[in-house]
Number of protein chains: 2
Amino acid sequence: MRFQKTTEYALRVMVFLWNHQGELYSVNRMHKILNIPYKYLGRVMHTLTGAGFLEVQQGKMGGYQINAQKSQIYLYEIIGAIEGLDSYERCVLGFPECSDENPCTLHKIWSNQQPGLKDMVYNVCLNDLGAEYNLKY
Amino acid sequence: MRFQKTTEYALRVMVFLWNHQGELYSVNRMHKILNIPYKYLGRVMHTLTGAGFLEVQQGKMGGYQINAQKSQIYLYEIIGAIEGLDSYERCVLGFPECSDENPCTLHKIWSNQQPGLKDMVYNVCLNDLGAEYNLKY
DNA sequence: TTTAAATACTACTTGTAGGTGGTAAATAAT
DNA sequence: ATTATTTACCACCTACAAGTAGTATTTAAA
Ligand code: SF4
Ligand code: SF4
């Protein structure tokens, strides 16, 4: 019952770039600031770029920044690009053959929590996350 | 963001035995009824027995049943025996060095959901789970 | 006493998230 | 042009959850 670590990495770097728009940041700079393994962050950046969240400039002095055409980025977009949204669209366990009439043992307790989690994933965007904290990252 | 599959196995078999108290069930019988791999269920049963939830009778005609001294079994006990309770006692990400003043990017949204999840894990017991459904299992 | 059916235990296999390392290609500074 | 710094890409490694296989041990029925 936890988010994937890679998802937190992705959100961390996206929040960072969101709050530093207009400047290019290389993986080398960011991995120190955000405390994420260098090479692994490189792969995450590649994924996030492929998902359309970022603009890249290759070569010396290059780096990443938020895609200027993005006026909002919701958590579900990022989570979807990294670990998928199955847990929120279906359920934690995700048995394909289940329903209210044919539930697994966790259905009752989960169906109480599902809406809140779904709401937080679908209705929170990067602005909401970054504003409230003075992130060290 | 999902429970471990083994946790669902454990809850499934515990609910089943809870609702069939006073009779011994072998792994061979249960794995067919509950649709859990035979050998894997055997290991889960061994773990659950070690945690004190079950009484065992070895040998022919043997099997498992709920420990008669248990008048209630809460979900946190079972989850704790299988995958641990770190996610509920600490948080989804569980960084040791975090706090409200030093949060990770997910702290805000998670701290909205944490109480509800914690409540469901700590205040729901097997009676609550089994009563509501006509489980095929 | 023999046999069948059960748990107990150990080792192995598989799939995947997380992480490491090396190199090719791009590109700005020199 | 050369060099340094960067992304892009590919192959591999590691840890762990999930699942498989086989055997020793226990025990009741026959
Ligand atoms: S029965 Fe409910 S909790 Fe179980 S897998 Fe289906 S939707 Fe999820
Ligand atoms: S900062 Fe909050 S969400 Fe992040 S690891 Fe700590 S308690 Fe969890």
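Visitor: Which residues come nearest to DNA strand D?
Guide: Of the 26 residues around DNA strand D, the nearest are A:H46, A:Q58, B:K5, B:T6 and B:K39. A residue is near a strand if one of its heavy atoms lies within 4 Å of it.

Visitor: And what share of the DNA strand D atoms within 4 Å of the protein is sugar and phosphate?
Guide: Sugar and phosphate make up 68% of those atoms.

Visitor: Before we go on, what kind of model is this?
Guide: The model is predicted, so local features need pLDDT of at least 70, side-chain atom pairs count only at pLDDT 80 or more, and totals for chains, interfaces and linings use all residues. Residues are numbered from 1 along each chain as its sequence is written, chains are lettered from A and ligands numbered from 1 in the order in which they are written, and side-chain values use heavy atoms, with hydrogens and water left out.

Visitor: Thanks! What is 2.6 Å from a phosphate oxygen of DNA strand D?
Guide: That is an N or O atom in the side chain of A:H46. Base oxygens of DNA strand D come into it too: one is 3.2 Å from a polar backbone atom of A:K60, and one is 3.4 Å from a polar backbone atom of B:G59.

Visitor: Which elements give two or more residues to the surface near DNA strand D?
Guide: From chain A they are α2 (27-34), α3 and β2 (63-66), and from chain B they are α1 (5-18) and α3. Helices (H or I, at least four residues) and strands (E, at least two) are DSSP runs, numbered from the N terminus. The largest share, 4 residues, comes from α3(A).

Visitor: You mentioned A:K60. Where is A:K60 found?
Guide: Look at the loop between β1 (54-57) and β2 of chain A.

Visitor: Is A:K60 buried or exposed?
Guide: A:K60 counts as exposed because its relative accessible area is 78%. The scale is this: buried means under 20% relative accessible area, exposed over 50%, and partly exposed in between (1.4 Å probe, protein chains only).

Visitor: Let's switch to DNA strand C. Which residues are closest there?
Guide: DNA strand C is surrounded by 26 residues, and the closest are A:K5, A:T6, A:K39, B:H46 and B:Q58. Sugar and phosphate account for 64% of the atoms of DNA strand C that come within 4 Å of the protein.

Visitor: What lies 2.7 Å from a phosphate oxygen of DNA strand C?
Guide: A backbone N or O atom of A:K5 does.

Visitor: Which element gives the largest share of the surface near DNA strand C?
Guide: That is α3(B), with 4 residues.

Visitor: New topic: how many residues does α1(A) have?
Guide: α1(A) has 14 residues and spans 20 Å from first C-alpha to last, close to the 20 Å expected at 1.5 Å a residue. The expected span is 1.5 Å times one less than the number of residues.

Visitor: Why is α1(A) described as largely enclosed by the rest of the structure?
Guide: Because 13 of its 14 residues are buried.

Visitor: Last one: where is B:Q65, and which residues does B:Q65 touch?
Guide: B:Q65 sits in strand β2 of chain B. Leaving out residues up to four places away in sequence, B:Q65 touches B:G22, B:E23, B:L24, B:F53, B:L54 and B:E55, where contact means heavy atoms within 4.5 Å. With a relative accessible area of 19%, B:Q65 is buried.

How values were computed. Polar contact = N/O pair within 3.5 Å; in protein donor to acceptor, adjacent residues only side chain to side chain.
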